[in-house]
Amino acid sequence: MAISPETIDEVRRVANVYDIVSDYLSLKKTGSVYVALCPFHNERTPSFVVSPTKNIFKCFGCGISGNAIKFVMEYEKISFSEAVIKIAQKYGITVKYIGNDKEKHLKGLYSLTRQITDFYKNQLKESQVAREYLKKRGILPQTIIDFEIGYSPENPERFNKFIQENNISIEDLNKIGLISVHNDKIYDKFSGRIIFPIKDHKGNIVGFGGRAIDENRHPKYLNSPETQVYKKSKVLYGLFENSQIIKEKSQVVIVEGYMDLISLYQIGIKNVVATLGTALTKEHANLLKRYVNEAIVMFDSDEAGKKAAIRAAEILLSEGITVRYAYYTEAKDPDELSKKGLNAVKEIINNAEDIIFFLTRKLKEINNLEDKHQLMRYKTIYNYILMILANVNDHGLKASYVNYLSQMLDKTPSKIESEIDDIKKRPEKEYREMEEEIDKLNLKLSYKEKVFIKYIYQNPEVLKDEIFDKISFPEKIQYIIDLIKNNAEYELLISDIIQDTKIQPSYESFQDILNEFVKKHEKDSQRLMREAMLNEKILGGHCKND
């Protein structure tokens with residue numbers, strides 16, 4: 001519920017900015033004001049001023065200013081309402097609330113998700129199969145309690161009996177994205193799955209994640225759809241459960257899935273959160289800012305995981321959170337890595353490098369820029385560095401990174417800054433848009449298609465052959481061919497193919513694949529011609545009848 005206007009007015013009237021700020025900072029009196037080093041940006045000479053008479057604060061360095069409520073909001077990284085409550089508690093002010101229909105509605109949905117969670121927990125107790133599965137996966141009894149893990153029964157009658165006995169409406173079940181209806185029968189979308197309740201940072205259950213027990217069931221993992229209460233771009237799994245230790249350490253380990261999180265949690269790494277079926281977002285970073293100064297990104301060890309880590313670093317750094325990258329090759333993901341024990345995982349986390357330092361080190365390992373493939377790798381990594389730095393808003397931090405790169409790469413700071421400015425104009429418009437276009441075309445190339453593309457990349461002169469203007473290639477292949485023909489900056493989009501040493505195309509293999517495309521094109525052309533002739537015949541017949 002919303003805080004009443006009367007309470008807000010009383011907090012504003014009573015709260016003294018000097019009293020509030022002095023709880024956080026060491027203030028030094030200078031004349032009628034007090035000064036301190038600004039907590040919101042790096043500085044050596046105090047420019048942060050508190051005026052008790054005007055009841056405001058202002059930093060003449062970064063420009064931030066406001067009253068006691070604004071200071072608590074910015075310092076604690078909390079919302080306006082949370083800041084009002086915190087100050088009210090300090091002064092013994094009773095917080096009064098006003099309700100509204102929307103809040104009552106949401107409370108009703110939260111009550112429903114709690115009911116469903118309790119049902120799943122009870123079903124787990126009754127299912128030998130589900131308990132055996134969790135035991136086989138190494139999930140401990142205490143973890144089941146801590147994360148309220150449950151089970152959705154395969155038999156739909158149990159679920160139907162539960163909703164009937166509790167008078168739960170189909171409309172409300174639809175609002176939380178829980179059910180599907182077939183032939184007038186209601187089914188739980190998560191049936192036959194281990195259930196992981198998803199909580200927001202306040203502890204409200206907003207959705208569910210399900211892991212199929214049957215390995216042949218697809219998808220293996222299933223999450224609730226977006227609903228009135230579940231916005232995946234704003235929710236981090238495990239943040240509520242682990243918030244205390246995350247805040248104490250002022251550091252968080254970010255993984256990609258709930259099994260990754262639970263496996264780390266069980267071996268003793270508890271300052272951990274997980275994204276769920278989505279890339280890290282600005283909303284996630286804004287949420288984490290309330291708790292931490294530093295994030296360690298620990299995604300899957302494959303190429304997709306590395307790229308996701310780089311994108312996450314861009315977002316986190318843009319919100320003022322420093323980023324270290326936990327690089328490992330011993331396992332495919334943190335879940336598998338945790339099987340090697342706490343010491344092994346701790347060593348990887350402790351050795352995690354600042355993301356810029358890590359990428360620069362990888363850059364320095366490339367020693368032959370005469371080689372076309374190594375040059376492509378160099379350009380790819382350097383572009384990633386520039387894109388990350390283009391999103392850093394802290395001028396002091398950005399300057400320190402630029403100076404570091406200048407020393408490591410033997411470039412002037414002004415040259416690097418110019419390249420950052422250039423990439424600011426390009427990535428969202430060109431690189432990001434091309435990346436989205438490839439995703440839209442569902443670029444999951446077969447091995448043969450990868451061989452074909454890589455050969456063309458290595459030998460672009462083959463595109464002068466008239467055959468490339470005469471036949472229709474699959475849309476995803478044609479898109480890349482057009483980019484190469486137009487000298488567009490396409491290399492980053494196919495960098496995984498270019499750098500894959502297992503793909504070694506020969507002229508013979510290229511010709512064989514090209515011939516397959518030609519044959520398919522001829523078959524498709526013949527089929528279309530037959531269909532056209534048939535349509536003409538049918539239409540002609542209709543004309544005669546008319």
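**Close-ups of a predicted model**

**View 1. Where helix H1 meets helix H4.** Ile8, Val11, Arg12 and Val14 of H1 touch Phe80, Val84, Ile87, Ala88 and Tyr91 of H4. Sort the residues of this contact by type and you get 8 nonpolar, no polar and 1 charged. As with every view here, you're looking at a predicted model. H1 covers residues 5-14 and H4 covers residues 80-91; their axes sit 10 Å apart, and the two helices pack at an angle of about 60 degrees. That angle is why H1 counts as oblique to H4. As for handedness, H1 passes H4 in a left-handed crossing.

**View 2. Helix H3 against helix H4.** Here H4 shows up again, now with H3 (residues 68-76): the two axes come within 9 Å and cross at roughly 115 degrees. So H3 and H4 end up roughly perpendicular to each other. H3 brings Ala68, Ile69, Val72, Met73 and Glu76 to the contact, while H4 brings Phe80, Ala83, Val84, Lys86 and Ile87. By type, the residues where H3 meets H4 split into 8 nonpolar, no polar and 2 charged. H3 passes H4 in a right-handed crossing. If you have View 1 open as well, look for Phe80, Val84 and Ile87, which H4 uses in its contact with H1 and in its contact with H3.

**View 3. Two backbone spots worth a zoom.** Most residues other than glycine have a negative phi, and most peptide bonds are trans. Which residue has a positive phi without being a glycine? That's Lys77, with phi near 60 degrees. You'll find Lys77 in the loop between H3 and H4. Now move along to the peptide bond from His218 to Pro219: is it cis or trans? It's cis, with omega near 0 degrees. Pro219 belongs to the loop between strand E12 (205-212) and strand E13 (221-223).

**View 4. The open antiparallel sheet, E2 to E6.** Five strands line up here in the order E2-E3-E4-E5-E6, as an open sheet with antiparallel pairing. Which strands sit at the edges? They are E2 (28-30) and E6 (65-66), each of which pairs on one side only. Zoom in on E2 and its neighbour E3 (residues 33-36), and you'll find 3 bridges holding an antiparallel pair. To get your bearings, find Lys29, which stands opposite Tyr34 in E3.

**View 5. The open mixed sheet, E15 to E18.** This sheet is also open and has 5 strands, in the order E15-E14-E16-E17-E18, but its pairing is mixed. Its edge strands are E15 (272-274) and E18 (353-354), and each pairs on one side only. Strands of a sheet pair through backbone hydrogen bonds, either parallel or antiparallel. E14 (residues 251-255) and E16 (residues 294-297) run parallel, with 4 bridges between them. Ile254 has Val297 of E16 as its bridge partner. On to E17 (residues 322-325): E16 pairs with it through 4 bridges, and these two strands run parallel as well. Two partner pairs to look for are Ala295 with Val323 of E17 and Ile296 with Arg324 of E17. E17 and E18, on the other hand, run antiparallel and are joined by 2 bridges. There, Tyr325 stands opposite Glu353 in E18.

View 6. How does the chain get from E16 to E17? It goes through helix H13 (residues 303-318), making a right-handed β-α-β crossover. H13 lies across E14, E16 and E17, and runs at about 165 degrees to E17. Helix H10 (residues 239-249) lies across E14 and E15 instead, running at about 135 degrees to E15.

Technical notes: Residues are numbered from 1 along each chain as its sequence is written. This is a predicted model: local features need pLDDT of at least 70, side-chain atom pairs count only at pLDDT 80 or more; totals for chains, interfaces and linings use all residues. Side-chain values use heavy atoms; hydrogens and water are left out. Two strands pair if DSSP finds at least two bridges between them. A crossover is right-handed if, with the strands pointing away from the viewer, the path from the first strand over the helix to the second runs clockwise. Axes are lines fitted to C-alpha atoms, for helices over the stretch in contact, and angles run from 0 to 180 degrees between N-to-C directions. Angles under 35 degrees count as roughly parallel, over 145 as roughly antiparallel, 65 to 115 as roughly perpendicular and the rest as oblique. A crossing is left-handed if the near helix is turned anticlockwise from the far one by less than a right angle, and right-handed if clockwise. Contact means heavy atoms within 4.5 Å. Ala, Val, Leu, Ile, Met, Phe, Trp, Tyr, Cys and Pro count as nonpolar, Asp, Glu, Lys and Arg as charged, and the others, Gly among them, as polar.
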